[in-house]
Amino acid sequence: MNVSDELRSLEATGIYRLTGSRAAFLDPVRLLNESYRRFRLVPSAYYSRSFGPSNQGGDALGERTAPSPERKKRKRKRQLKPRELNAVERIAEARHQEARPFLISAHNSLLEAKDLLEFLPGMITGDECMPDVQNSSENNFVELGSSWRAPLCEMTLCFQKPHDQHEECKKCPCRIQRRSSSLFNRKISVEENDEAEGEFQSRLYILPKGSCFLMTDLTHVRGLIPDNSDKGYNLIVIDPPWENGCVRQKEAYPTLPNRYLLYLPVQELAHPAGALIVLWITNREKLRRFVQEELLPSWGVKDPTEFYWLKVKSDGSLIGDLDLFHHRPYECLILGYINVNREAEPGSNFKFLQGHQVIMSVPGAHSRKPPLQKILSEYIPGAQPPRCIELFARELGSGWTSWGNEPLRFQDSMYFLEK
């Protein structure tokens, strides 16, 4: 296979820019591995959900696998008349039809990138044999954090001392520094230029260099507000556990009433030199209305723009029918600025957001989002490297502050191998 410049870029940076479109393909594993020196996230552990390839090949309208004659016959017997959409659903459908051309164009660009399509299956599987992460027993931090035991929980952090002797002494026990810290309601930082390993209840967690996390519920979120406004954040990513009937049925994670988000101190977290706000939202129209009419104005977010995350399988086909009303194969991000005046800053050191863009990737675990800092880097105001924070985080990143009730969800050592 001839290796294109775009494929070399994917291997080096985790991003494949699709020619002739406002779209890019991401490899979250490569992007996340930039946070680690001694460990690496294993592809087969990240891509643990099973999305089988389409029997008919990829197409921009989704997978419509031909049913068997028997199934077709059964369907005809109980086929119901399509329900007419109500007023809110009609608005949602109109919004989908508006986004549809961008999504189809982006997906077609992916299908035309033959070198990328050949590369994808190997990228997903890797060459390591990993445990079944979906059925492994892990600590339930949400449950622990809300129990009477939370104040008693401590994590032991293990750091490797810098070595200046022989290489063979590198893993000598005397080189390990240990310190303990309360796990809940207290910031834990890895300030060393190396990963730390956190021990808690017989499990090991890999903490990236330069990472910081605060594991609390919403009642302690104001503990994130910096004492000095100059220590505010230039990139604020928010992935709320929106109220969602499907999530409640699956018991995937506890959801939060939408109005509680009005109390997030987003404005107080934003750097005075400017902050890019990224909000993940679902496709529910009532939620869209709440976000646009109440939530963003309460946070002081200006100039909102929409991006789309289009989910694909390892053969490039969509994970579902693009036009399936209640299960679209894409999610939306709303991006906007705080403390940035578009008209007063023509000579800024960053690009202003302009128009829709599409990000594509193979999804990992349920609701796990791809890392965004690198793909958004040119739109982030302020000094470089930017100060970044994620609210409702479920994993850590080098140089990031992560807050939520389970920021260590994907830091368990079973997802990693030592280099």
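Guide: Helices here are DSSP runs of H or I with at least four residues, strands are runs of E with at least two, and both are numbered from the N terminus. The model is predicted, so local features need pLDDT of at least 70 and side-chain atom pairs count only at pLDDT 80 or more, while totals for chains, interfaces and linings use all residues. Residues are numbered from 1 along each chain as its sequence is written, and side-chain values use heavy atoms, with hydrogens and water left out.

Visitor: Which residues of α6 are buried?

Guide: Buried means under 20% relative accessible area, exposed means over 50%, and partly exposed is in between, with a 1.4 Å probe and protein chains only. An α-helix has 3.6 residues a turn, so residues three or four places apart point the same way. In α6, residues 114-125, the buried ones are Asp115, Leu116, Leu117, Phe119, Leu120, Met123 and Ile124.

Visitor: What covers the buried residues of α6?

Guide: Contact means heavy atoms within 4.5 Å. The cover includes helices α1 (5-13), α2 (28-33), α3 (43-46) and α5 (87-112), along with strands β1 (15-17) and β2 (23-26).

Visitor: How many salt bridges does the structure hold?

Guide: A salt bridge is a side-chain nitrogen of Lys or Arg within 4 Å of a carboxyl oxygen of Asp or Glu. The structure holds 22 of them. One of them pairs Glu138 with Arg409, with the closest N and O atoms 3.4 Å apart. Glu138 is in the loop between α6 and α7 (141-145) and Arg409 is in the loop between β16 (400-404) and β17 (416-418), so this pair ties together parts 271 residues apart in sequence. Glu138 is partly exposed at 24% relative accessibility, and Arg409 is partly exposed at 25%.

Visitor: Where do Glu395 and Arg368 lie, and are they buried or exposed?

Guide: Their side chains meet in a salt bridge of 2.6 Å, N to O. Glu395 lies in the loop between β15 (388-391) and β16, and Arg368 in the loop between β14 and α11, so the pair ties together parts 27 residues apart in sequence. Both Glu395 and Arg368 are buried. Elsewhere, salt bridges with shared partners join Arg37, Arg38, Asp194, Glu197 and Glu418 into one network.

Visitor: Where is Ser367 found?

Guide: Ser367 is in the loop between β14 (357-361) and α11 (373-376). With 17% relative accessibility, Ser367 counts as buried. Asp239 is 128 residues from Ser367 in sequence, yet their C-alpha atoms are 9.2 Å apart in space.
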